Amino acid sequence: MRITDIQRCEVRPGRLVEWTLSPATVEAAKGLPEDSRPPAYIQESHIRTARSVRDGGLFVPTWLGTAFDLPGRVDLDVLQEALRAWTLRHETLRSGFRWAGDRLRRFTLDAGDVSLRRETVGDFADADALVAHLQDRFDAVADALRWPNLIYTAVVRDDSTSVYMAFDHSNVDGYSVHGIPAEIHELYAAGVEGRGPVERTPAASYVDFCEIERADADRIDDSHDIVARWREFIGRCDGTLPNFPVDLGLEPGGPLPPQKMLCEPLVDAATAAAFEAYCRPHGGSLVGLLAATGMIVHELGGQSVYRTVVPFHTRVKSRWSDSVGWFVGGAPIEVPVAGTPDLPGTLRAVRAELQANRSLARMPLARVLKLLGTDFRPTSPDLYSIVSFLDARGIPGAGQWAEHKAYGLMRVSYGDQVCVWVSRLHDGLWLASRYPDTDVAAKNVRLYVERLRDLLAATAS
């Protein structure tokens with residue numbers, strides 16, 4: 001599944017239909033008692049940051065979503081039941097938060113109280129007008145500071161129907177989004193064929209995960225080794241968390257800049273396989289991608305040490321593998337790249353750092369920062385710059401993504417960091433990046449991508 005934005009996911013004209021949680025569902029939520037299971041630290045940090053940025057006068061949409069096609073003219077009743085059944089499977093989608101003073105309290109609806117409201121919006125003959133409408137609706141509904149914060153839509157045509165779904169980030173991560181098309185296809189096909197409900201193992205609840213993870217995180221204090229290691233790392237980053245170490249053309253202390261997005265194939269399947277084979281003795285493509293990045297940003301920016309926070313999933317037990325939620329932590333690494341670093345040496349350095357530090361990703365960074373008495377995130381939705389890698393070929397439905405025109409959607413709005421996502425797909429490596437909308441950042445991100453492509457090709461040859 002290619003990661004992109006709503007502007008680049010093959011939106012075509014048609015009749016737009018949308019689903020939101022029904023007024024009866026919203027009314028039922030108003031009277032719910034508190035759910036004792038707390039928000040995850042990453043959820044609370046996300047919501048507090050959204051509130052802080054909004055209070056500062058800037059609306060920064062941060063939703064994630066998915067797009068995919070269903071064949072033929074859709075049966076809207078069957079699709080609605082498929083969407084509802086999928087929603088009920090994942091408890092976090094019927095769970096929300098409300099403020100009690102300055103504390104964030106959870107509420108969770110029973111499955112029987114959840115229903116969808118369908119509305120036919122109208123016919124769109126122009127794809128650009130449809131894209132603009134979808135983005136505006138997703139911004140308004142899939143918002144961190146409201147509930148419900150999810151919306152499903154379908155663009156209906158005689159020959160095919162395109163489904164677009166958006167969620168506030170507090171409920172989903174990138175991996176969650178990748179699994180949605182296959183699940184909806186399965187539920188819809190069963191409904192059309194009259195096969196009755198799809199029998200699946202219940203998905204473990206992300207709400208339960210939040211409670212378990214937070215209880216573990218609350219057991220540590222500021223004397224813990226994990227906190228000490230983060231304190232030292234942040235100290236070597238001049239008291240902050242690492243950004244992308246090239247010139248982005250930003251004024252220190254300036255307003256949060258708008259962002260742009262770059263999405264394109266990186267290398268083909270044969271080159272991706274050769275790169276993986278080259279890097280396998282050192283740990284594989286993620287290690288190779290980080291090593292290559294360290295060498296390139298040294299060339300572009302001159303720093304002698306490449307420091308970054310590597311995102312890792314926190315689905316460490318198989319019970320969470322099918323769950324929808326935000327299962328992401330970060331591990332700090334520091335890679336020496338002074339002089340003219342070579343790839344084998346840099347690969348060894350990255351592997352050693354990841355082996356030493358990967359376990360730190362299981363402790364929510366928001367908890368660590370709280371214990372350090374530091375908050376780096378009141379003004380920017382991105383805590384730090386990332387370079388992320390996902391081998392998506394084994395995700396259910398991956399073999400049909402091209403046929404189904406399936407995409408992972410990301411909202412690009414405002415931010416002062418460079419974030420890079422590289423996905424291994426059946427046809428090769430795909431790169432998506434969002435970065436500050438300045439001429440300097442555009443030039444340096446383009447140079448980074450071209451150097452990365454060249455380096456990957458060189459390992460293949």
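Buried means under 20% relative accessible area, exposed over 50% and partly exposed in between, with a 1.4 Å probe and protein chains only. The model is predicted, so local features need pLDDT of at least 70 and side-chain atom pairs count only at pLDDT 80 or more, while totals for chains, interfaces and linings use all residues. Residues are numbered from 1 along each chain as its sequence is written, and side-chain values use heavy atoms, leaving out hydrogens and water.

**View A. Leucine 286 in helix α9.** Leucine 286 is found in helix α9 (helices are DSSP runs of H or I, at least four residues, and strands runs of E, at least two, numbered from the N terminus). This leucine counts as buried because its relative accessibility is 18%. Leaving aside neighbours within four places in sequence, leucine 286 contacts Val310, Phe312, Leu354 and Phe389 (contact means heavy atoms within 4.5 Å). Its C-alpha atom is separated by 9.2 Å from that of aspartate 391, 105 residues apart along the chain.

**View B. Crossing of helices α8 and α9.** The axes of α8 (residues 269–279) and α9 (residues 285–301) come within 8 Å and cross at roughly 90 degrees. α8 is therefore roughly perpendicular to α9 (65 to 115 degrees; under 35 is roughly parallel, over 145 roughly antiparallel, the rest oblique). Phe275, Glu276 and Cys279 of α8 meet Ser285, Gly288 and Leu289 of α9.

**View C. Histidine 404 in a loop.** Histidine 404 lies between β12 (386–391) and β13 (407–410). With 18% relative accessibility, histidine 404 counts as buried. Not counting residues up to four places away in sequence, histidine 404 touches Phe68, Asp69 and His185.

Technical notes: Axes fitted to C-alpha atoms, helices over the stretch in contact; angles between N-to-C directions.
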